[in-house]
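Hi,

Here is the model I promised to pass on.

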Amino acid sequence: ADVSAAMQRLSQGFAPWNATPPQQRAAILRRAADALDARLAEFCGLLVKEAHKTLGDCVAEVREAVDFLRYYANQAEQHKPQGRGVFVCISPWNFPLAIFCGQVAAALAAGNSVAAKPAEQTPFVALRCVELLHAAGVPHDALALLHGAGEVVGAALVADARTAGVAFTGSTPVAQIINRTLAKTGDPLRPLLAETGGLNAMIVDSTALPEQVVDAVVQSAFR
């Protein structure tokens, strides 16, 4: 029920947001970037508390999110894109601010309204990011946050007839499920932008320095 209500609101909010001049959309994203930059310490604290990241990782992630906002603001001004409709953005737990913010910023810059679905493990970081974007000037009818399990909320968003496209970062099997769901609609104009990954082995040979190996393994485990 929440998904249906949100998609209806976002569908109605798409046209006015898409009609907003690209320069104005860019200015809103830049205001959000400045606000996020000014609140770096606060967002680092959220990332430590909810995503259990190291402080060094947190600083890098907040800066990356700021970079995304400014980059897509520049792209909007340069290319003056037109949106497709309601874009569904599904982000992962391992970069709960940078990837979440990057997906949403790209879709908004292009003129789409956005249904943002963060990972179940990191909802509070996403909430604060969406609140920041709304405060910067993104209309509530152009950006909605939908928490919940991927099998329930994510699946409902992808299957909704009002979904114009999906941006997804996560596992390859889930991306394949989303791809099949979109394919069932028979609409070739509903794109899936998927960034998927997996786990890699670390191979250490006899020439390696043990202290560097330890450092690399710890970073691999906790960054």
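Let me start with the second largest pocket, where α5 is the top contributor to the lining, with seven residues. Helices here are DSSP runs of H or I with at least four residues, strands are E runs of at least two, and both are numbered from the N terminus. At least two lining residues each also come from α4 (55–79), α5 (98–109), β4 and β5. In total 23 residues line this pocket, with Tyr72, Gly102, Ala106, Ala107 and Leu193 nearest its centre. They split into 15 nonpolar, six polar and two charged, and the space comes to about 470 Å³.

Before I go on: this is a predicted model, so local features need pLDDT of at least 70 and side-chain atom pairs pLDDT 80 or more, while totals for chains, interfaces and linings use all residues. Numbering runs from 1 along each chain as its sequence is written, and side-chain values use heavy atoms, without hydrogens or water.

On terms, a pocket is an open set of points on a 1 Å grid over the protein atoms alone, where a 1.4 Å probe fits, with protein on both sides within 12 Å along at least five of seven lines; lining residues have an atom within 4 Å of a point. Points are joined across faces, edges and corners, and the volume is the space filled by probe spheres set on them. Nonpolar covers Ala, Val, Leu, Ile, Met, Phe, Trp, Tyr, Cys and Pro, charged covers Asp, Glu, Lys and Arg, and the others, Gly among them, are polar.

The largest pocket has a volume of about 1200 Å³. Its lining has 39 residues, and Pro92, Trp93, Asn94, Gly170 and Ser171 are the closest to the centre. α7 gives the largest share, five residues.

Ile178, in helix α8, is buried at 6% relative accessible area (buried is under 20%, exposed over 50%, partly exposed in between; 1.4 Å probe, protein chains only). Ile178 touches Ile90, Val158, Val166, Phe168 and Leu192, leaving out residues up to four places away in sequence (contact: heavy atoms within 4.5 Å).

Finally, there are nine salt bridges (a Lys or Arg side-chain nitrogen within 4 Å of an Asp or Glu carboxyl oxygen). Lys53 pairs with Glu61 at 3.0 Å between the closest N and O atoms, and both residues are buried. Arg128 and Glu131 meet at 2.5 Å, N to O, three residues apart in helix α6. Asp34, Asp37 and Arg70 are linked in a salt-bridge network.

Cheers
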